[in-house]
Amino acid sequence: MESFKLDIVSELIHLIKEQTVATFNQLTKGREDEYMLLQKQLNELNQRIMRLKERFITEDINRDLYLKYSEKYNIEKKEFEDNLMKASNRVPNLEECVEKAINFSSKLPSKWTTADYTTKQQIQFLFFPEGIRYNKKIDKCRTTRVNSVFAYIAHLKQDLSQQKRGIPELNLDYASL
């Protein structure tokens, strides 16, 4: 856990927060275009639904036809809404989330030491969402994925302190992350 502890001079923490927010926004920029396209398509579908209702009300179409298309449009609408949720990586309180991650990271060793078993498991799965794997034959951790926020914090820490790349204890380098 020491690799993920952010123990940097307080003057630099403000810069780290700004850089983290900028990096997150840069990484999610491509999804914004996808989000806008899905939003446009959902609006067009909503217009078709309204037109269908109007045609039913004015008796241009019968009840069976209305129910058939209404069900079809509602299924499409649900799919669009699900895709919109996936495409929307917008975090309304991004700065607050970054602040919490940095504060948590700066107090990590003491939190780990004082935590009970259940809390330690929660912290472990926070850092390693897919769990930790261990290869007994070569006596190495084979963890496949580290939470990107904490991997970024570890990377920043090593850049600032000019340490060796990666997390040697976990046999990870940043190229694999």
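In the predicted model, the N-terminal end of helix α3 is capped by Asn 62, a side-chain oxygen of which lies 3.3 Å from the backbone nitrogen of Asp 64. Helix α3 comprises 25 residues (residues 63-87), which should span 36 Å at 1.5 Å a residue; the end C-alpha atoms are 35 Å apart, in agreement with this value. Buried positions in α3 are Tyr 66, Ser 70, Tyr 73, Phe 80, Leu 84 and Ala 87.

Apart from residues up to four places away in sequence, Ile 49 touches Tyr 73, Asn 74 and Lys 77.

Two aromatic pairs were found in a search of the whole structure. Phe 56 and Tyr 66 are stacked, with 4.4 Å centre to centre and 20° between the planes. Because Phe 56 lies in helix α2 and Tyr 66 in helix α3, this pair ties together parts that are ten residues apart in sequence. Phe 56 has 30% relative accessibility and therefore counts as partly exposed, whereas Tyr 66, at 16%, counts as buried.

The other pair is formed by Tyr 69 and Tyr 73, whose ring centres are 6.2 Å apart and whose planes meet at 45°, so the pair is tilted. Both residues lie in helix α3, four residues apart, or about one turn of the helix. An α-helix has 3.6 residues a turn, so residues three or four places apart point the same way. Tyr 69 counts as partly exposed at 29% relative accessibility, and Tyr 73 counts as buried at 12%.

Helix α4 (residues 94-106) has 13 residues, and the distance from its first C-alpha to its last is 18 Å, close to the 18 Å expected at 1.5 Å a residue. Leu 94, Val 98, Ala 101, Ile 102, Phe 104 and Ser 105 are buried in α4. Viewed down the axis of α4, the buried residues fall within an arc of 165°, so they line one face of the helix. Glu 95 and Lys 100, on the other side of α4, are exposed.

Key
Residues are numbered from 1 along each chain as its sequence is written. This is a predicted model: local features need pLDDT of at least 70, side-chain atom pairs count only at pLDDT 80 or more; totals for chains, interfaces and linings use all residues. Side-chain values use heavy atoms; hydrogens and water are left out. Helices (H or I, at least four residues) and strands (E, at least two) are DSSP runs, numbered from the N terminus. The expected span of a helix is 1.5 Å times one less than its number of residues. Buried means under 20% relative accessible area, exposed over 50%, partly exposed in between (1.4 Å probe, protein chains only). A polar contact is a pair of N or O atoms within 3.5 Å; within protein, one must be able to donate a hydrogen and the other to accept it, and residues adjacent in sequence count only if both atoms are side-chain atoms. The arc is that of the directions from the helix axis to the C-beta atoms. Contact means heavy atoms within 4.5 Å. Rings of Phe, Tyr and Trp (its six-membered ring) pair if their centres lie within 6.5 Å; planes under 30 degrees apart count as stacked, over 60 as edge-to-face and the rest as tilted.
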